[in-house]
Amino acid sequence: NVMIDKLTMLADADRVIKKVRSGNIVIARIKDLREQNIDELKHAISKIRTSVTMWNGDIAGVGEEWLIVTPSTAKIQRSAQ
């Protein structure tokens, strides 16, 4: 499944991690947290990245508003630059 979520505080990272751990792809809006507290956003992304890396998942930012997080069953294809 593909799920839409939102990071508005650090605690939301746990919810995103849980969804990805259950096998879902999560597209999370990060714009609000970016505007409110950039340090908390960085901490949340770091927490998510650490968890998905342990399970061979993937994580990528899309612009400044979205984050895509996938379980090990899906990889994000990045365009060659």
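**Fold and core of the predicted chain**

In the protein chain, 47% of the contacts with a separation of 6 or more are made by residues 24 or more positions apart. The model examined here is a predicted one. Its secondary structure consists of three helices and four strands. Followed along the sequence, these elements give the pattern β-α-β-α-α-β-β. The radius of gyration of the protein chain is 12 Å, close to the 12 Å that the globule rule gives for 81 residues, so the chain is as compact as a globular protein of that length. Along the principal axes, the C-alpha atoms fill a box of roughly 35 × 30 × 20 Å.

Strand 1, which covers residues 2-6, pairs with strand 2, which covers residues 25-29. The pairing is parallel and extends over five bridges. Within this pairing, aspartate 5 has alanine 28 of strand 2 as its bridge partner.

The interior was considered next. Buried residues account for 35% of the 81 residues in the protein chain. The largest nonpolar core contains 17 residues, of which Leu7, Val16, Ile48, Ile59, Leu67 and Val69 touch the most other members. Two or more residues are given to this core by each of helix 1, strand 2, helix 3 and strand 4 (66-70). Helix 3 gives the most, with five residues. The contacts of valine 16 illustrate how separate parts of the sequence meet: leaving aside residues up to four places away in sequence, valine 16 touches Asp5, Leu7, Val26, Ile48 and Val69. Ile48 and Val69, both touched by valine 16, are also among the core residues that touch the most other members.

The surface of the chain was also computed. The accessible surface of the protein chain comes to about 5,100 Å², and carbon and sulfur atoms hold 50% of this area. Most residues other than glycine have a negative phi. Asparagine 56, although not a glycine, has a positive phi of about 60 degrees. This asparagine 56 lies in the loop between helix 3 (38-54) and strand 3 (58-62). With a relative accessible area of 52%, asparagine 56 is classed as exposed, because the cut-off for that class is over 50%.

Notes:
Residues numbered from 1 in each chain as written. Predicted model: local features only at pLDDT ≥ 70, side-chain atom pairs only at ≥ 80, totals over all residues. Heavy atoms only, no water. Pairing = 2+ DSSP bridges. Rg over C-alpha atoms; globule rule 2.2 N^0.38 Å. Buried < 20%, exposed > 50% of the residue type's maximum accessible area, 1.4 Å probe, protein only. Contact = heavy atoms within 4.5 Å. Areas by Shrake-Rupley, 256 points an atom, 1.4 Å probe, with all protein chains shown as cover. Core = buried A, V, L, I, M, F, W, Y, C linked by side-chain atoms within 4.5 Å.
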